[in-house]
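Take a look at the fold shown here. The paragraphs below walk through a helix pair, then strands and sheets.

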Amino acid sequence: MATNRRSFLSNLALGAGVIAAAPLASCAGIKEESNLPHIKELTGKLPKMSFNMCGYAAPKLETVRVGFVGIGDRGSGAVKRMTYIEGVEVTAVCDTRQAAVDGAQKILSDAGLPKAKEYVNGDLGFKELCESGDVDLVYIATPWEWHVPVAIAAMEGDKHAAVEVSTAKTLDECWQMVETSERTRKHCVILENCCYDFFEMLTISMAQQGAFGDLIHGEGAYIHDLDYWHFNKPKDAQMTDGAYTKMWRLHENKRKANVYPTHGLGPICQAMDINRGDKMDYLTAMMSDDFTLKHRIKEMAQEDPFFEQFVGWDMRGNMDMQMIRTNKGRTIMIQHDISSPRPYSRIHMLSGTKCFAQKWPKQHIAFGHNVIDDAQFKELEEKYTPEIIRRVGEMAKQVGGHGGMDFVMDWRLIDCLRNGLPVDMDVYDAAAWSCITPLSEWSIANKSRPIDIPDFTRGAWKTNKPIDLSMEGAGSTSVRNLKKADSKGQLNVH
């Protein structure tokens with residue numbers, strides 16, 4: 001399924017409509033047309049691997065020149081975080097809105113950094129950025145429908161790609177990412193920040209060091225009441241200044257699938273060495289009816305005629321869940337609910353033959369029937385906290401971004417690129433974690449029948465090495481513009 005670059009971009013220009021960046025979006029015209037037989041057909045696809053990107057160390061980049069495509073909420077936050085990382089130059093910013101680009105430029109100016117080159121050249125402005133010689137890494141924070149088109153253009157343009165979650169919406173897109181990354185030998189990194197949250201990293205480290213014994217079961221979720229964000233309408237006629245440009249997130253929730261699986265799944269997969277010693281084998285999925293979204297749309301339409309256009313939409317159900325079995329006989333449960341009035345939770349639970357850990361509603365660890373006390377928990381933190389958290393964890397809390405995990409993620413990516421190290425989350429992770437969306441769609445539509453999960457590594461999972469949390473050969477990247485950091489980037493706690 002190799003993608004011809006010229007025809008790909010030509011077809012994109014003719015048929016894709018507007019590219020916008022969280023605000024790049026043509027979402028007002030999105031129409032989901034599920035091709036369920038095609039999903040089933042693609043589970044058997046097994047193209048020959050041209051190059052194994054797992055464990056691949058790209059040539060070192062002393063300075064990483066970053067170009068941002070999408071300067072919405074996530075994109076602007078990422079621009080700001082990058083201003084704290086030494087060895088980074090933000091050389092390009094792309095959006096369809098000049099105001100968004102101006103906002104990114106102000107972030108750079110406030111940090112005492114040079115202005116970036118601007119790409120505000122219409123719907124396909126990202127294409128020129130990806131073909132330029134100004135960028136080494138394209139950081140993609142667009143609405144979901146444009147993640148893969150921009151990532152493909154970046155890799156074809158000889159750039160690494162870092163893509164916000166979920167990276168892909170279809171199995172075709174998953175394979176496009178994988179095959180393009182292998183052919184170009186450019187990283188396609190999924191920006192799954194939850195893998196770098198502090199408790200998650202602690203449990204991944206514990207799993208790698210045998211504290212859980214044999215892992216048996218894991219649970220993850222994205223349970224988040226998004227009512228405010230779904231109905232935060234744009235104030236301008238172009239529909240570009242709301243929480244989700246052109247109401248794209250509401251449009252996405254017409255799809256009866258787990259449209260956002262990776263926050264809960266990613267850390268579980270890393271703890272279980274998925275794609276690096278084990279693989280996800282098959283899943284079965286189920287979804288409740290919609291008990292709230294249709295009603296909320298109708299209520300909003302009664303208050304504001306703007307929402308009348310959405311009345312009568314057949315929306316996804318409140319709760320969907322997937323049960324996954326791995327090749328080694330482990331099980332994983334993933335839940336997704338963004339329309340019920342519930343407290344936020346990603347669950348993050350790991351159960352092994354020796355240990356149990358769970359983050360929500362309260363983080364706790366047990367080695368038997370009783371949960372350990374605070375003093376014992378602190379002892380575990382002292383023993384198992386990975387080096388990356390010891391190195392930048394406190395600084396990350398100062399910089400911010402979901403409590404610091406966003407900054408840990410960005411710092412780690414840049415440090416890997418600067419030191420010529422393999423990335424923690426490669427293109428096979430991006431594909432495997434994202435493919436849950438179309439696979440769950442098929443299973444839900446077929447009364448929860450099981451469906452195989454493609455092996456994007458084509459058997460290499462048997463010999464691929466687990467992610468390296470030791471920081472060996474890493475950690476040379478310091479932090480700037482932070483008052484409590486010393487010259488080496490270490491937090492000065494004295």
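A crossing of two helices is left-handed if the near helix is turned anticlockwise from the far one by less than a right angle, and right-handed if clockwise. Keep that in mind for the helix pair below. The model is predicted: local features need pLDDT of at least 70, side-chain atom pairs count only at pLDDT 80 or more, and totals for chains, interfaces and linings use all residues. Residues are numbered from 1 along each chain as its sequence is written, and side-chain values use heavy atoms, with hydrogens and water left out.

Start with the helices. Helices (H or I, at least four residues) and strands (E, at least two) are DSSP runs, numbered from the N terminus. Two packed helices are described by the angle between their axes and the distance between the axes. Axes are lines fitted to C-alpha atoms, for helices over the stretch in contact, and angles run from 0 to 180 degrees between N-to-C directions. Helix α14 spans residues 387-399, and helix α15 spans residues 405-419. Their axes come within 8 Å and cross at roughly 125°. The two helices are therefore oblique to each other; angles under 35 degrees count as roughly parallel, over 145 as roughly antiparallel, 65 to 115 as roughly perpendicular and the rest as oblique. The crossing of α14 and α15 is right-handed.

Which residues of α14 and α15 meet? From α14 come Ile388, Ile389, Arg391, Val392, Ala396 and Val399. From α15 come Phe407, Val408, Trp411 and Arg412. Contact here means heavy atoms within 4.5 Å. These residues divide into eight nonpolar, no polar and two charged.

Now turn to strand β10, residues 331-337. Six of its seven residues are buried, that is, under 20% relative accessible area. Two strands pair if DSSP finds at least two bridges between them. Strand β7 (residues 215-223) pairs with β10 in the parallel sense, over seven bridges. There, glycine 220 has isoleucine 334 in β10 as its bridge partner. Strand β9 (residues 320-326) runs antiparallel to β10, joined by six bridges. Methionine 321 stands opposite glutamine 335 in β10. β9 and β10 form a hairpin with four residues between them. In the turn, glycine 329 has a positive phi of about 90°.

Glycine 67 stands opposite alanine 92 in β2.

Notes: Ala, Val, Leu, Ile, Met, Phe, Trp, Tyr, Cys and Pro count as nonpolar, Asp, Glu, Lys and Arg as charged, and the others, Gly among them, as polar. Buried means under 20% relative accessible area, exposed over 50%, partly exposed in between (1.4 Å probe, protein chains only).
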